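The model is shown first, and the description follows.

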Amino acid sequence: MSVTDAPPAPAPQPAAPAGDPKPYRAPARKRLVPYWLLLPGILWLLVFFALPLVYQASTSVQTGSLEKGFEVTWHFATYWDALGDYYPQFVRSLLYAGSATVLCLVLGYPLAYLIAFKAGRWRNLVLVLVIAPFFTSFLIRTLAWKTILADGGAVVDVLDTLHVLDVTSWLGWTESDRVLATPMAVVCGLTYNFLPFMILPLYTSLERIDGRLHEAAGDLYATPATTFRKVTFPLSMPGVVSGTLLTFIPASGDYVNAELLGSTDTKMVGSVIQSQFLRVLDYPTAAALSFILMAVVLVMVTVYIRRSGTEDLV
């Protein structure tokens with residue numbers, strides 16, 4: 001082809017304006033779609049969470065009586081009086097809830113590990129067995145432990161034969177050869193009822209771990225204990241933190257186990273709040289106790305999450 005037959009050169013294009021091009025902005029209607037989707041959840045939280053909190057906060061600073069009525073007088077001394085009068089129940093609640101949380105972690109982690117890595121085709125069946133207690137009433141499950149821990153029962157006889165009760169009696173958790181109506185019975189009930197809340201987050205976290213990481217650790221001559229300590233447990237920390245929170249928070253406010261499996265010496269703060277609301281009818285004290293418990297648990301949870309280094313629980 002000759003030079004004269006060559007196609008004409010393209011016309012020069014105008015120079016692009018200086019600076020970045022103007023970003024695309026979606027129409028206002030589309031930008032509001034996420035907020036409209038959040039609206040039902042926000043309304044639910046406002047009506048069933050925020051408003052009751054505000055109402056209870058106003059109740060906690062009221063004075064009066066059931067006959068004369070209660071009115072808001074900003075009597076903040078109710079908080080100090082409630083904490084001073086029921087300090088032992090607060091400490092006992094945190095101790096029982098912490099003990100139950102530790103036991104749930106010790107019992108739940110091996111089971112979650114087994115389901116995630118060893119169960120194979122039996123995995124779904126074992127998961128169903130874990131959540132099976134939820135198909136039974138919380139009250140019935142707790143009452144069943146009265147039979148399990150009854151005096152002269154098989155469980156108590158085995159513990160007595162193994163001299164476990166001697167140790168627990170020395171620690172003050174049981175009374176001689178009696179388990180029912182003791183702190184140990186309350187902790188056992190809490191552990192059993194909240195164990196699934198520990199197992200499920202642990203299983204979810206462990207199931208996400210790539211099995212090739214274990215193979216790589218073995219190729220680097222790591223022992224099974226080292227692999228667990230350096231690989232498995234650190235990667236499962238989000239599940240550990242989630243499980244401990246899901247166990248400790250409801251256990252610290254529970255009162256059913258203390259009422260049915262304990263005695264007057266094992267009352268938890270949840271029992272006091274329930275009694276103040278429904279029996280004594282001292283609403284300001286009950287509301288103040290609820291807010292104190294919520295504040296204490298919130299502070300403990302915040303410190304725990306920061307110390308564990310897992311602010312992003314995924």
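## Second largest pocket

S99, V102, L103, T168, L171, W173, M184, V187 and C188 line the second largest pocket, a pocket being an open set of points on a 1 Å grid over the protein atoms alone where a 1.4 Å probe fits, with protein on both sides within 12 Å along at least five of seven lines, and lining residues having an atom within 4 Å of a point. Helices α4, α8 (164–171) and α9 (183–207) each give at least two residues to this lining, helices being DSSP runs of H or I with at least four residues, numbered from the N terminus. By class, the lining has seven nonpolar, two polar and no charged residues.

## Basis of the model

This is a predicted model, in which local features need pLDDT of at least 70 and side-chain atom pairs count only at pLDDT 80 or more, while totals for chains, interfaces and linings use all residues. Residues are numbered from 1 along each chain as its sequence is written, and side-chain values use heavy atoms, with hydrogens and water left out.

## Largest pocket

The largest pocket holds about 240 Å³ of space, and its lining includes V102, L105, F248 and Y304. Helix α4 supplies the largest share of that lining, four residues.

## Histidine 214

H214 lies in helix α10 (residues 211–219) and is buried, with a relative accessible area of 19%, where buried means under 20% with a 1.4 Å probe and protein chains only. Leaving aside neighbours within four places in sequence, H214 is in contact (heavy atoms within 4.5 Å) with F117, I209, T227, V231 and T232.

Definitions and conventions
Points joined across faces, edges and corners; volume = space filled by probe spheres on them. Nonpolar A, V, L, I, M, F, W, Y, C, P; charged D, E, K, R; others polar. Buried < 20%, exposed > 50% of the residue type's maximum accessible area, 1.4 Å probe, protein only.
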